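Work through the exercises below with the sequence and the model side by side. Try each task before you read its solution.

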Amino acid sequence: MSDMLTPEEQAVADAAVARLRAERDIAKAEARGRAAGDPQGIARRFSFDAPPPARGKTVRRRLPWVVVGAVVALLVVIGLVNGRQDPAAPSAAPAPAAIPSAAPVAPTLPAEEPPAEVGQVVSNGGITLTVTGARVVESVEMNESGFRPGSGYETYTATQPQQGAKFVMIQTRIVNSGKSSIDLTCSRPVDTKLIDALDREFDPIDDLYKIKGNPECNYHLQPGFEAEMTYVHLVPETATIAAWSFEDIAEPADTSHPTLVRVEV
């Protein structure tokens, strides 16, 4: 029969025969040990013919599980790799696109108001004003006596401009449309400028309370009342006047800016 086996099959058969012989020898040794009062099988424990069957059985029991575990691990790894490379697999949700910030918008500035004209009623803050006249004068009558206007003792002196200069007189009617009283002559609640063609600004002269017809110093014009007020500016004789401006500095508005009145003298 052995002539009909291949070399590989013959090797397997020989190994099986050897294993059977070894197990038979071990069984005989265990029987002799039990007969000699050795229930643990001393002959089996010290036999060099073959490894202890129990150890071989343990290896045979554990080996299938080790192989199964390795196969399962390999399948898990293959699945992870295929999942990463599968184009149909659901991808992570894309990060939300950044919302572009709105470009800063420059605030819209109010359109510049055109200059008012002589005789036109205009307002600035708590001041309502009308320019009633504008002209160049050779002199200005001023109370230099030291007596109060209306006392009967006051006297007015014609005051002339210095050489190379001229006086420009702006006559106005002012209504106090604010919420508190104002001293027009000494406290200067209204800031005024005379502007020439070169865009130069000229302040009014001092001691406006001395000008004939103006309110006295410390005379408080109450809210809702009006008064005649004359402003005099000293300017170079060659200056060409283009405008006059005023601004309420006692009760300025949030968007306070001077109000222009066209003056050509």
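## Exercise 1: The disulfide

A search of the whole structure finds one disulfide (a pair of cysteine sulfur atoms within 2.5 Å). The model is predicted: local features need pLDDT of at least 70, side-chain atom pairs count only at pLDDT 80 or more, and totals for chains, interfaces and linings use all residues. Residues are numbered from 1 along each chain as its sequence is written, and side-chain values use heavy atoms, with hydrogens and water left out.

**Task.** Find which residues form the disulfide, and state where they lie in the chain.

**Solution.** 
- Step 1. The partners are Cys-186 and Cys-217, with sulfur atoms 1.8 Å apart.
- Step 2. Cys-186 is in the loop between strand S6 (182-183) and S7, and Cys-217 is in the loop between S8 and strand S9 (220-221). The pair is 31 residues apart and links distant parts of the chain. Strands are DSSP runs of E, at least two residues long; helices are runs of H or I, at least four long; both are numbered from the N terminus.
- Step 3. The torsion about the S-S bond is about -135 degrees, so the disulfide is left-handed.
- Step 4. Check the cover. Buried means under 20% relative accessible area, exposed over 50%, partly exposed in between (1.4 Å probe, protein chains only). Cys-186, at 32%, is partly exposed. Cys-217, at 30%, is partly exposed too.

## Exercise 2: An open sheet

**Task.** Give the strand order of the four-stranded open sheet, and say which strands stand at the edges.

**Solution.** 
- Step 1. The order is S8-S7-S11-S12, with antiparallel pairing. Two strands pair if DSSP finds at least two bridges between them.
- Step 2. The edges are S8 (201-202) and S12 (259-262). Each has a single partner strand, so one side of each is left without a neighbour in the sheet.
- Step 3. Look at one pair. Two bridges join S7 (residues 190-196) to S8. Here Ile-195 stands opposite Glu-201.
- Step 4. Leu-260 is found in S12. Leu-260 is partly exposed, at 30% relative accessible area. Its contacts (heavy atoms within 4.5 Å) include Ile-195 and Trp-244.

## Exercise 3: Strand S5 and its partners

**Task.** How many bridges join S5 to S2, and how many join S5 to S10?

**Solution.** 
- Step 1. Ten bridges join S2 (residues 127-137) to S5, and the two run antiparallel.
- Step 2. Eleven bridges join S5 to S10 (residues 226-236), also antiparallel.
- Step 3. Follow Arg-173 in S5. Thr-130 stands opposite Arg-173. In S10, the bridge partner of Arg-173 is Glu-228.
- Step 4. Check the cover of S5 (residues 165-176). Nine of its twelve residues are buried.

## Exercise 4: The nonpolar core

**Task.** Name the residues that touch the most other members of the largest nonpolar core.

**Solution.** 
- Step 1. Define the core: a set of buried Ala, Val, Leu, Ile, Met, Phe, Trp, Tyr and Cys residues joined through side-chain atoms within 4.5 Å.
- Step 2. The largest has 33 residues. Val-140, Ile-170, Leu-184, Leu-194, Tyr-231 and Trp-244 touch the most other members.
- Step 3. List the suppliers. S2, S3 (140-143), S5, S7, S10 and S11 (241-248) each give at least two residues.
- Step 4. Zoom in on Leu-194. Among the residues it touches are Val-168, Ile-170, Phe-202 and Trp-244.

How values were computed. Lists of a residue's contacts leave out its neighbours within four places in sequence.
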